[in-house]
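Here is a short report for a reader new to this entry. Start with the view below, then read on.

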Amino acid sequence: MAPAPVSASQSVLVPTYARAPVAFERGEGPWAITADGTRYLDFGAGIAVNALGHAHPHLVKTLTEQAGKIWHTSNLYGAPDGERLARRLCEATFAERVFFTNSGAEANECAIKMARKYHAAKGHPERFRIVTFEGAFHGRTLATIAAGGQQKYIDGFGPKVDGFDQVPFDDEKALRAAITPETAALMIEPIQGEGGLRSVPGRFLKLLRQICDENGLLLIFDEIQTGVGRTGKFFA
Ligand SMILES: Cc1ncc(COP(=O)(O)O)c(C=O)c1O
(Lines give C-alpha, C1' and ligand atoms only; values in the text may rest on other atoms or scores of the structure.)
Protein backbone atom coordinates (compact mmCIF):
# COMPACT_ATOMS: atom_id res chain seq x y z
CA MET A 1 0.00 0.00 0.00
CA ALA A 2 1.38 3.39 -1.00
CA PRO A 3 1.76 5.89 1.87
CA ALA A 4 -0.95 8.58 1.95
CA PRO A 5 0.18 12.22 1.60
CA VAL A 6 1.08 13.70 5.01
CA SER A 7 -1.71 16.07 6.10
CA ALA A 8 -0.93 19.73 6.75
CA SER A 9 -1.49 19.28 10.53
CA GLN A 10 0.96 16.35 10.70
CA SER A 11 3.63 17.76 8.39
CA VAL A 12 6.88 19.05 9.90
CA LEU A 13 7.62 21.09 6.77
CA VAL A 14 7.20 24.85 7.20
CA PRO A 15 3.71 25.61 5.82
CA THR A 16 4.78 28.14 3.18
CA TYR A 17 1.92 27.14 0.87
CA ALA A 18 -1.55 25.58 1.20
CA ARG A 19 -0.47 22.29 -0.34
CA ALA A 20 -2.91 20.15 -2.34
CA PRO A 21 -3.51 16.72 -0.74
CA VAL A 22 -1.53 14.83 -3.35
CA ALA A 23 2.14 13.75 -3.27
CA PHE A 24 4.35 12.62 -6.14
CA GLU A 25 6.93 9.89 -5.96
CA ARG A 26 8.35 10.00 -9.47
CA GLY A 27 7.89 11.51 -12.90
CA GLU A 28 8.24 10.60 -16.57
CA GLY A 29 8.51 13.46 -19.05
CA PRO A 30 5.29 15.45 -18.66
CA TRP A 31 3.77 12.98 -16.15
CA ALA A 32 3.93 13.24 -12.35
CA ILE A 33 3.11 9.93 -10.65
CA THR A 34 1.90 9.21 -7.10
CA ALA A 35 3.12 6.28 -5.02
CA ASP A 36 0.01 4.24 -5.95
CA GLY A 37 0.73 4.77 -9.66
CA THR A 38 -1.89 7.46 -10.44
CA ARG A 39 -0.58 9.60 -13.30
CA TYR A 40 -1.16 13.34 -13.52
CA LEU A 41 -0.30 15.41 -16.58
CA ASP A 42 2.01 18.04 -15.09
CA PHE A 43 0.83 21.38 -16.44
CA GLY A 44 2.68 23.06 -13.52
CA ALA A 45 5.91 22.38 -15.45
CA GLY A 46 8.42 23.21 -12.73
CA ILE A 47 6.25 26.20 -11.77
CA ALA A 48 7.48 27.86 -14.99
CA VAL A 49 11.08 28.43 -13.90
CA ASN A 50 12.22 24.81 -14.11
CA ALA A 51 10.38 23.49 -17.16
CA LEU A 52 12.49 20.37 -17.69
CA GLY A 53 9.82 17.69 -17.36
CA HIS A 54 10.74 14.70 -15.21
CA ALA A 55 13.70 12.31 -15.40
CA HIS A 56 14.68 12.98 -19.02
CA PRO A 57 17.31 10.29 -19.86
CA HIS A 58 19.84 12.82 -21.20
CA LEU A 59 19.68 14.88 -18.02
CA VAL A 60 19.71 11.81 -15.75
CA LYS A 61 22.84 10.54 -17.56
CA THR A 62 24.64 13.91 -17.26
CA LEU A 63 23.75 14.37 -13.58
CA THR A 64 24.72 10.78 -12.75
CA GLU A 65 28.07 11.14 -14.50
CA GLN A 66 28.80 14.37 -12.63
CA ALA A 67 27.76 12.86 -9.28
CA GLY A 68 30.40 10.17 -9.86
CA LYS A 69 33.10 12.67 -10.87
CA ILE A 70 33.44 15.64 -8.51
CA TRP A 71 31.09 17.71 -6.31
CA HIS A 72 31.54 21.16 -4.83
CA THR A 73 34.97 22.79 -4.96
CA SER A 74 34.04 26.52 -4.52
CA ASN A 75 35.07 29.53 -6.57
CA LEU A 76 38.63 29.25 -5.22
CA TYR A 77 39.60 26.78 -7.94
CA GLY A 78 39.13 26.36 -11.67
CA ALA A 79 36.08 24.48 -12.97
CA PRO A 80 36.54 23.16 -16.53
CA ASP A 81 32.89 22.14 -16.96
CA GLY A 82 31.70 25.47 -15.52
CA GLU A 83 33.97 27.29 -17.98
CA ARG A 84 32.57 25.25 -20.85
CA LEU A 85 28.94 25.94 -19.90
CA ALA A 86 29.65 29.66 -19.39
CA ARG A 87 31.28 29.87 -22.83
CA ARG A 88 28.31 28.13 -24.46
CA LEU A 89 25.95 30.62 -22.77
CA CYS A 90 28.02 33.59 -24.03
CA GLU A 91 28.10 32.18 -27.54
CA ALA A 92 24.32 31.64 -27.53
CA THR A 93 23.51 35.15 -26.23
CA PHE A 94 24.62 38.77 -25.92
CA ALA A 95 26.57 38.04 -22.73
CA GLU A 96 30.28 38.51 -22.20
CA ARG A 97 30.43 36.95 -18.73
CA VAL A 98 28.41 34.51 -16.68
CA PHE A 99 27.82 34.26 -12.93
CA PHE A 100 26.18 31.04 -11.73
CA THR A 101 23.80 31.26 -8.78
CA ASN A 102 21.65 28.84 -6.79
CA SER A 103 18.35 30.60 -7.40
CA GLY A 104 16.57 33.35 -9.26
CA ALA A 105 16.49 35.56 -6.19
CA GLU A 106 20.27 35.32 -5.89
CA ALA A 107 20.67 36.13 -9.58
CA ASN A 108 18.65 39.29 -8.98
CA GLU A 109 20.60 40.12 -5.80
CA CYS A 110 23.73 39.90 -7.95
CA ALA A 111 22.23 42.21 -10.59
CA ILE A 112 21.21 44.72 -7.90
CA LYS A 113 24.67 44.63 -6.32
CA MET A 114 26.37 44.97 -9.72
CA ALA A 115 24.25 48.03 -10.60
CA ARG A 116 25.16 49.68 -7.28
CA LYS A 117 28.83 48.74 -7.59
CA TYR A 118 29.00 49.99 -11.19
CA HIS A 119 28.05 53.51 -10.11
CA ALA A 120 30.09 53.38 -6.88
CA ALA A 121 33.19 52.39 -8.86
CA LYS A 122 32.62 55.38 -11.13
CA GLY A 123 32.63 57.68 -8.08
CA HIS A 124 28.84 57.85 -7.60
CA PRO A 125 27.92 55.72 -4.57
CA GLU A 126 24.82 57.93 -4.15
CA ARG A 127 23.38 56.29 -7.27
CA PHE A 128 21.98 53.15 -5.68
CA ARG A 129 18.21 53.28 -6.25
CA ILE A 130 16.47 50.95 -8.68
CA VAL A 131 13.13 51.58 -10.35
CA THR A 132 10.85 48.52 -10.62
CA PHE A 133 7.30 48.02 -11.92
CA GLU A 134 3.98 47.29 -10.23
CA GLY A 135 3.07 43.61 -10.30
CA ALA A 136 6.76 42.59 -10.36
CA PHE A 137 8.16 39.51 -8.69
CA HIS A 138 11.91 39.27 -8.27
CA GLY A 139 12.32 36.67 -5.49
CA ARG A 140 11.95 36.13 -1.75
CA THR A 141 15.15 37.53 -0.21
CA LEU A 142 14.94 40.77 1.78
CA ALA A 143 16.18 42.90 -1.14
CA THR A 144 14.14 41.15 -3.82
CA ILE A 145 10.85 41.39 -1.88
CA ALA A 146 11.53 45.13 -1.65
CA ALA A 147 12.27 45.19 -5.39
CA GLY A 148 9.04 43.31 -6.14
CA GLY A 149 7.16 45.74 -3.92
CA GLN A 150 4.24 43.41 -3.17
CA GLN A 151 2.93 44.11 0.31
CA LYS A 152 1.93 40.49 0.96
CA TYR A 153 5.61 39.46 0.75
CA ILE A 154 6.95 42.51 2.64
CA ASP A 155 4.61 42.59 5.67
CA GLY A 156 6.03 41.23 8.91
CA PHE A 157 9.69 41.17 7.88
CA GLY A 158 10.83 44.41 9.48
CA PRO A 159 11.95 47.58 7.71
CA LYS A 160 11.76 47.28 3.95
CA VAL A 161 15.20 47.31 2.28
CA ASP A 162 15.74 50.85 0.98
CA GLY A 163 16.58 51.68 -2.60
CA PHE A 164 13.60 50.57 -4.67
CA ASP A 165 11.05 52.89 -6.29
CA GLN A 166 8.06 51.36 -7.98
CA VAL A 167 6.06 52.81 -10.85
CA PRO A 168 2.93 51.62 -12.70
CA PHE A 169 3.34 49.27 -15.60
CA ASP A 170 3.75 50.87 -19.06
CA ASP A 171 3.54 54.48 -17.81
CA GLU A 172 6.27 56.68 -19.33
CA LYS A 173 5.33 59.81 -17.38
CA ALA A 174 5.47 58.08 -13.99
CA LEU A 175 8.73 56.37 -14.93
CA ARG A 176 10.46 59.60 -15.96
CA ALA A 177 9.21 61.28 -12.77
CA ALA A 178 10.69 58.48 -10.61
CA ILE A 179 14.21 58.88 -12.02
CA THR A 180 16.42 61.06 -9.81
CA PRO A 181 20.18 61.68 -9.50
CA GLU A 182 20.18 58.69 -7.10
CA THR A 183 18.81 56.22 -9.66
CA ALA A 184 21.20 53.46 -10.71
CA ALA A 185 19.06 51.16 -12.84
CA LEU A 186 15.66 50.02 -14.08
CA MET A 187 14.66 46.41 -13.45
CA ILE A 188 11.87 44.58 -15.28
CA GLU A 189 10.52 41.19 -16.30
CA PRO A 190 9.88 41.31 -20.09
CA ILE A 191 6.77 39.23 -19.37
CA GLN A 192 5.52 39.58 -15.80
CA GLY A 193 5.04 36.10 -14.33
CA GLU A 194 3.45 36.42 -10.89
CA GLY A 195 1.90 39.73 -12.03
CA GLY A 196 -0.48 37.70 -14.19
CA LEU A 197 1.47 36.75 -17.34
CA ARG A 198 1.48 40.32 -18.61
CA SER A 199 3.67 41.01 -21.65
CA VAL A 200 5.51 44.31 -21.62
CA PRO A 201 4.88 45.93 -25.04
CA GLY A 202 7.99 45.92 -27.26
CA ARG A 203 7.78 49.70 -27.72
CA PHE A 204 7.92 50.15 -23.92
CA LEU A 205 11.02 47.92 -23.67
CA LYS A 206 12.66 50.03 -26.41
CA LEU A 207 11.68 53.16 -24.50
CA LEU A 208 13.37 51.75 -21.38
CA ARG A 209 16.59 51.25 -23.35
CA GLN A 210 16.37 54.86 -24.57
CA ILE A 211 15.64 56.27 -21.10
CA CYS A 212 18.57 54.30 -19.65
CA ASP A 213 20.90 55.64 -22.36
CA GLU A 214 19.69 59.21 -21.77
CA ASN A 215 20.25 58.98 -18.01
CA GLY A 216 23.31 56.74 -17.71
CA LEU A 217 21.24 53.99 -16.10
CA LEU A 218 21.68 50.24 -16.29
CA LEU A 219 18.83 48.10 -17.61
CA ILE A 220 18.25 44.83 -15.76
CA PHE A 221 16.05 42.15 -17.31
CA ASP A 222 14.76 39.52 -14.90
CA GLU A 223 14.36 36.51 -17.21
CA ILE A 224 14.14 33.94 -14.42
CA GLN A 225 10.77 32.89 -15.80
CA THR A 226 11.11 33.82 -19.48
CA GLY A 227 14.73 32.88 -20.22
CA VAL A 228 16.47 29.76 -21.51
CA GLY A 229 14.03 28.98 -24.29
CA ARG A 230 10.74 29.31 -22.47
CA THR A 231 9.26 31.82 -24.93
CA GLY A 232 10.67 29.97 -27.97
CA LYS A 233 13.78 32.19 -28.07
CA PHE A 234 16.76 31.90 -25.74
CA PHE A 235 15.69 35.09 -23.99
CA ALA A 236 12.29 36.83 -24.33
C1 LIG B 1 10.49 36.60 -12.58
C2 LIG B 1 11.06 35.86 -11.40
N3 LIG B 1 12.12 36.38 -10.76
C4 LIG B 1 12.67 35.76 -9.70
C5 LIG B 1 12.17 34.56 -9.22
C6 LIG B 1 12.82 33.93 -8.02
O7 LIG B 1 13.46 32.74 -8.37
P8 LIG B 1 13.82 31.68 -7.21
O9 LIG B 1 12.53 31.13 -6.72
O10 LIG B 1 14.66 30.66 -7.93
O11 LIG B 1 14.60 32.41 -6.17
C12 LIG B 1 11.08 33.97 -9.86
C13 LIG B 1 10.52 32.70 -9.36
O14 LIG B 1 9.46 32.26 -9.75
C15 LIG B 1 10.49 34.64 -10.97
O16 LIG B 1 9.42 34.14 -11.60
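## Ligand contacts

This is a predicted model. A polar side-chain atom of Gln225 lies 2.8 Å from an oxygen atom of the ligand. The protein covers much of the ligand's surface: taken alone, the ligand exposes 390 Å², and 82% of that is buried by the protein.

The backbone takes part too. At Gly104, a backbone N or O atom is 2.7 Å from an oxygen atom of the ligand. At Phe137, a backbone N or O atom is 3.3 Å from a nitrogen atom of the ligand.

## The shell and its pocket

Which residues surround the ligand? The shell is made of Val49, Ser103, Gly104, Ala105, Asn108, Phe137, His138, Gly139, Glu189, Asp222, Ile224 and Gln225. By class, four of the shell residues are nonpolar, six are polar and two are charged. The ligand takes up the space of the second largest pocket.

## Domains

The domain assignment divides the protein into three stretches: domain 1 covers 1-71, domain 2 covers 73-101 and domain 3 covers 102-221. Taken over C-alpha atoms, the centres of domain 1 and domain 3 are 33 Å apart.

## Enclosed space

Rolling a probe the size of a water molecule over the atoms shows where empty space is left. How many cavities of 30 Å³ or more does the structure hold? There is one. The largest cavity has a volume of about 40 Å³.

The lining of the largest cavity consists of Leu142, Ile145, Ala146, Ile154, Phe157, Gly158, Pro159, Lys160 and Val161.

Key. Residues numbered from 1 in each chain as written. Predicted model: local features only at pLDDT ≥ 70, side-chain atom pairs only at ≥ 80, totals over all residues. Heavy atoms only, no water. Near = heavy atom within 4 Å. Polar contact = N/O pair within 3.5 Å; in protein donor to acceptor, adjacent residues only side chain to side chain. Areas by Shrake-Rupley, 256 points an atom, 1.4 Å probe, with all protein chains shown as cover. 1 Å grid on protein atoms, 1.4 Å probe; cavity = no way out; pocket = protein on both sides within 12 Å on 5 of 7 lines; lining within 4 Å. Sits in = over half its atoms within 2 Å of the grid points. Nonpolar A, V, L, I, M, F, W, Y, C, P; charged D, E, K, R; others polar. Domains from an automatic or database assignment. Points joined across faces, edges and corners; volume = space filled by probe spheres on them.
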